[in-house]
Amino acid sequence: MSDVAMETGDIDYQSAVMSLWDNSVNRKYYVTGGVGSGETSEGFGPDYSLRHNAYCESCSSCGEIFFQHKLNLAYRDAKYADLYEETLYNALLGSVDLEGKNFYYQNPLDTYRPRYDWHVCPCCVGNIPRVLLMLPTWMYVKDTDSIYINLFVGSTVTIEDVAGTDVELVQKTDYPWSGKVAITVNPVVAKRFNVRIRVPDRDVSELYTATPNSDGITSIAVNGAEVTPTIEKGYATITRQWRAGDKIEMVLPMKVQRVKGSDKIEATSGRVALRRGPLVYNVEQVDQDITEVLDPGAVLTPQWKADLLGGVTVLEGEWADGSPLVAIPNYARANREPSSSDRRGRGPRSARSIVWMKDR
Ligand SMILES: [Zn+2]
């Protein structure tokens with residue numbers, strides 16, 4: 001539907017697509033960017049029914065990314081890229097293990113099952129890699145005189161035919177661990193065009209409120225000189241004669257955020273989730289008692305751990321009872337347990353890993 005709406009500009013299709021978008025994002029959307037609570041089918045449940053043992057099939061995360069990307073192309077509004085970044089880094093990347101060999105078909109927030117190496121219905125096994133392999137598509141969009149930078153990923157990509165020249169873009173960053181991003185713009189021929197950089201808004205869905213605020217861009221400079229770009233539809237727009245070697249340097253805020261669900265969501269009542277940058281965090285039983293309470297005033301400190309889970313920034317703090325708390329990125333969950341004896345999911349059905357922890 002979003003393809004047809006975009007390709008034809010048909011107003012009835014556009015209207016129907018926006019109704020579905022509003023309902024799914026503002027009524028039926030998980031904090032991980034996953035969709036599909038699965039009460040009745042491999043699909044959506046009632047409004048605000050967002051139980052933690054969701055179906056959230058990995059394919060629905062792929063579909064969610066395709067949908068938001070198509071709307072980003074149609075309306076050139078950064079909020080759709082904000083949403084698919086969330087789905088990509090959390091729900092989708094969390095479907096595969098760190099080996100890249102096993103995957104979740106059902107991809108709930110509270111996990112007690114191990115991942116599958118194969119599934120009798122092998123849809124996700126193709127969809128997950130095709131979405132990951134399409135990363136350049138999710139990163140950049142162009143039109144005749146603009147490049148849109150939607151994702152911040154260390155890379156070198158050539159974008160063809162912008163204002164009559166090919167443009168190589170070199171991103172240097174270790175985002176999402178740090179908020180520093182450097183982008184070198186290398187047009188083959190010096191030309192005037194717009195570089196439109198997504199200004200992150202981490203609170204697009206009405207369902208969730210995060211504190212402290214961590215939206216926006218802290219600072220942005222071109223060739224060492226600070227600039228204050230105009231913001232259009234969520235993009236910081238820099239228009240100039242670009243020459244090979246021109247360098248944009250920026251800093252994105254990376255505060256540790258506490259996320260609360262709307263009062264209308266029963267499952268998140270009295271619970272809190274943690275987020276830093278685009279990454280939603282998870283606490284695992286292998287590290288601590290996950291039935292503990294997180295005090296609303298507890299200090300949480302990001303800490304880089306090179307030797308844990310392939311290198312991750314964890315959040316460290318204390319539970320209300322004084323015992324140590326460690327939260328890992330949701331995508332890295334369920335990689336240390338269970339043992340091989342219950343790899344087929346026959347283990348105990350209590351959660352070993354949760355997103356929403358108790359906060360009184
Ligand atoms: Zn599937």
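Ring pairs link Trp21, Tyr75 and Tyr80 into a cluster, where rings of Phe, Tyr and Trp (its six-membered ring) pair if their centres lie within 6.5 Å, planes under 30 degrees apart counting as stacked, over 60 as edge-to-face and the rest as tilted. The model is predicted, so that local features need pLDDT of at least 70 and side-chain atom pairs count only at pLDDT 80 or more, while totals for chains, interfaces and linings use all residues. Residues are numbered from 1 along each chain as its sequence is written, and side-chain values use heavy atoms, with hydrogens and water left out.

A search of the whole structure finds 12 aromatic pairs. In one of them, the ring centres of phenylalanine 152 and tyrosine 175 are 5.6 Å apart with the planes at 85°, so this pair is edge-to-face. It joins distant parts of the chain, 23 residues apart, since phenylalanine 152 belongs to the loop between β2 (146-149) and β3 (155-162) and tyrosine 175 to the loop between β4 (165-173) and β5 (180-187); strands are DSSP runs (E, at least two residues), numbered from the N terminus. Both phenylalanine 152 and tyrosine 175 are buried, that is, under 20% relative accessible area, with exposed meaning over 50% and partly exposed in between (1.4 Å probe, protein chains only).

The second largest cavity has a volume of about 70 Å³; a cavity is a set of points, on a 1 Å grid over the protein atoms alone, where a 1.4 Å probe fits but cannot get out, and lining residues have an atom within 4 Å of a point. Its lining, which includes Thr32, Cys56, Asn90 and Arg333, divides into five nonpolar, six polar and one charged residue. Domain 1 (2-136) and domain 3 (256-358) both contribute to this lining, so the second largest cavity lies between them, the domain bounds coming from an automatic or database assignment.

Tyrosine 175 also takes part in a cis peptide bond, to proline 176, with omega near 10°, and a further cis bond joins threonine 211 and proline 212, with omega about -10°. Proline 212 lies in the loop between β7 (208-211) and β8 (219-222).

Alanine 163 lies in the loop between β3 and β4, and asparagine 223 in the loop between β8 and β9 (225-226).

Definitions and conventions:
Helices (H or I, at least four residues) and strands (E, at least two) are DSSP runs, numbered from the N terminus. On a 1 Å grid over the protein atoms alone, a cavity is a set of points where a 1.4 Å probe fits but cannot get out, and a pocket is an open set with protein on both sides within 12 Å along at least five of seven lines; lining residues have an atom within 4 Å of a point. Grid points are joined across faces, edges and corners, and a volume is the space filled by probe spheres set on the points. Ala, Val, Leu, Ile, Met, Phe, Trp, Tyr, Cys and Pro count as nonpolar, Asp, Glu, Lys and Arg as charged, and the others, Gly among them, as polar.
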